[in-house]
Amino acid sequence: MICQRVLEHCRVELKQQGIMEEILHSTCILAQDQYGNYVVQHVLEHGQDHERKEIITKLAGQIVQMSQHKFASNVVEKCLEFGGPAVRQILINEMLGHTDENKPLQVGCFYIIYEVGQK
């Protein structure tokens with residue numbers, strides 16, 4: 001909550017940029033954290049396009065696993081919601097996968113896709 005408010009109200013560009021660099025550097029850890037996932041979700045919802053793109057790029061390749069995680073699944077949902085059509089297609093393709101080994105993991109992915117579709 002504090003990081004989110006600092007990003008919203010900080011008028012010193014250098015400080016805000018430094019905080020954003022730390023958030024982007026720690027995206028995968030924050031996404032799986034009980035409180036950190038809210039910070040990543042905030043950036044996805046209110047951040048700049050290049051910040052969203054960097055978060056999604058860092059999560060790419062781990063979307064199926066992240067969608068199974070209690071906290072990171074919320075971040076994956078925000079990626080789909082705010083990532084735009086091209087990103088949405090890439091993430092959905094990753095969720096659907098091409099091998100049988102992904103099948104047990106895909107149940108959570110389908111739930112996230114369904115939830116985003118309901119908004």
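1. Helices H4 and H7 pack with their axes 9 Å apart, at an angle of about 0°. H4 is therefore roughly parallel to H7. On the H4 side the contact is made by Asn37, Val40, Gln41, Leu44 and Glu45; H7 contributes Asn74, Val75, Lys78, Cys79 and Phe82. Sorted by class, the residues of this contact are five nonpolar, three polar and two charged.

2. The model is predicted, and its confidence should be kept in view. The mean pLDDT of the protein is 80, with 68% of its residues at 70 or more. Confidence is lowest in helix H1 (residues 2-9), where the mean is 54, and highest in helix H3 (residues 27-31), at 96. Where pLDDT is low, the predicted coordinates should not be read in detail.

3. Glu45 belongs to helix H4 (residues 36-46) and Lys78 to helix H7 (residues 72-82), so the pair ties together parts that are 33 residues apart in sequence. Glu45 counts as partly exposed because its relative accessibility is 34%. Lys78, with a relative accessible area of 15%, is buried, since the cut-off for buried is under 20%.

4. How many salt bridges does a search of the whole structure find? The search finds two. Asp49 and Arg52 both lie in helix H5 (residues 49-59), three residues apart, about one turn of the helix. Is Asp49 buried or exposed? At 59% relative accessibility Asp49 counts as exposed, whereas Arg52 is buried, with a relative accessible area of 15%.

5. H7 also packs against helix H8 (residues 84-96): the two axes come within 7 Å and cross at roughly 140°. H7 is thus oblique to H8, because only angles over 145 degrees count as roughly antiparallel. From H7 the contact uses Val76, Cys79, Leu80, Glu81 and Phe82, and from H8 Gly84, Arg88, Leu91, Ile92 and Met95. These residues divide into seven nonpolar, one polar and two charged.

How values were computed
Residues numbered from 1 in each chain as written. Predicted model: local features only at pLDDT ≥ 70, side-chain atom pairs only at ≥ 80, totals over all residues. Heavy atoms only, no water. Salt bridge = Lys/Arg side-chain N within 4 Å of Asp/Glu carboxyl O. Helix = DSSP H or I, 4+ residues; strand = E, 2+ residues; numbered from the N terminus. Buried < 20%, exposed > 50% of the residue type's maximum accessible area, 1.4 Å probe, protein only. pLDDT = per-residue confidence, 0-100. Axes fitted to C-alpha atoms, helices over the stretch in contact; angles between N-to-C directions. Parallel < 35°, antiparallel > 145°, perpendicular 65-115°, else oblique. Contact = heavy atoms within 4.5 Å. Nonpolar A, V, L, I, M, F, W, Y, C, P; charged D, E, K, R; others polar.
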